[in-house]
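Please open the structure in your viewer and keep the selection panel at hand. The stops below are meant to be taken in order.

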Amino acid sequence: MDLRRVAVVVWLLSWFGLFLSYFLSAQQDHIPSCIPHLAGCTSVSSSGRHGAGFFLFKATMLPAAAFLMVYWVLCGQWLRCCGEASARWRWTIVLVGLVGAAFLVLYTTFLGSVGDIYRTLRRYGTVMFFGMTYLAQLLLAYRAQAALGDTPLVRAKVWLCLGVLIEGLVLVALTNLIEDDDWLENLTEWHVSTAISFYPFLTWLMWRNTGFTLAFSLKPPGRGEADQAE
């Protein structure tokens, strides 16, 4: 199995899980029906709180978080293969990414649960997942630029991170000017979620372009080994 596909799996699970959960919840009238990236009619979390969307959200996001952990470990190996001599940089990126993925598990697990404790856990899960994942992605883009130079894919990573940062800063500024800003927060949440989940796909393209290969296989035992096993 080509382990590079892990990055694509993370992207597909995140995107399709999120969008299909929203579609199912909207179809069952649990949340408003709109284009959330344009209207901000509901939050990302609302897509996975009720009905069939509740089960689909967990069934896709929990595996996505698990694959995301594998993805960050592979990122560390890729940087080493690209000539990143600093083990400190590599391990920092891996550990920050792993922490972010762990908080995604926390958030997804308690999504839909009622109670102040669960609400607090979800809040911490959301903040830490977005914060740590964004930081890991930013660091990865920085070290990729140092290793590969200013390539189109490196620029795409940098611009993606910059776009997330700018939108976050704009949201903070506008919340002080607009009273009813729920739709704006929802809008930003959808944009950031989409951008963060797309990042691993860009990484996969970089892995492919640099010839990075990491795979595992199972070799059938020889006749002698088979006889021993019997």
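Predicted model: local features only at pLDDT ≥ 70, side-chain atom pairs only at ≥ 80, totals over all residues.

Residues are numbered from 1 along each chain as its sequence is written, and side-chain values use heavy atoms, with hydrogens and water left out.

**Loop residues**

Begin by selecting D29, which sits in the loop between α1 (5-27) and α2; helices here are DSSP runs of H or I with at least four residues, numbered from the N terminus. The phi of D29 is near 65°, a positive value in a residue other than glycine. D29 is exposed, since its relative accessible area is 67%, where exposed means over 50%, buried under 20% and partly exposed in between, with a 1.4 Å probe and protein chains only.

Next, select S46, in the loop between α2 (36-39) and α3 (51-81). Because its relative accessibility is 16%, S46 counts as buried. Show its side chain together with that of S43, and you will find a polar contact of 2.9 Å between the two side chains; such a contact is a pair of N or O atoms within 3.5 Å, where within protein one atom must be able to donate a hydrogen and the other to accept it, and residues adjacent in sequence count only if both atoms are side-chain atoms. Leaving out residues up to four places away in sequence, S46 touches S25 and I31, contact being defined as heavy atoms within 4.5 Å.

**The cysteines**

How many disulfides does a search of the whole structure find? The search gives 1, with a disulfide taken as a pair of cysteine sulfur atoms within 2.5 Å. Select C34 and C41, which this bond joins at an S to S distance of 1.9 Å. The torsion about their S-S bond is about -75°, so the disulfide is left-handed. C34 counts as partly exposed at 23% relative accessibility, and C41 is also partly exposed, at 27%.

Move on to C82, whose sulfur lies 6.9 Å from the closest cysteine sulfur, in C81, which is too far for a bond. C161 is in no disulfide either, the nearest cysteine sulfur, that of C75, being 12 Å away. C161 is buried, because its relative accessible area is 4%.

Now select G100, in helix α4 (residues 87-110), which is buried with a relative accessible area of 0%. Setting aside neighbours within four places in sequence, G100 is in contact with M128, F129, M132 and T133.

Finally, colour helix α5 (residues 116-148) and helix α6 (residues 152-175), which pack at an angle of about 150° with their axes 9 Å apart; the axes are lines fitted to C-alpha atoms over the stretch in contact, and angles run from 0 to 180 degrees between N-to-C directions. That angle makes α5 roughly antiparallel to α6, a term used for angles over 145 degrees. Residues that meet across this pair include Y134, L138 and A141 in α5 and V154, C161 and L165 in α6.

Definitions and conventions: Helix = DSSP H or I, 4+ residues; strand = E, 2+ residues; numbered from the N terminus. Parallel < 35°, antiparallel > 145°, perpendicular 65-115°, else oblique.
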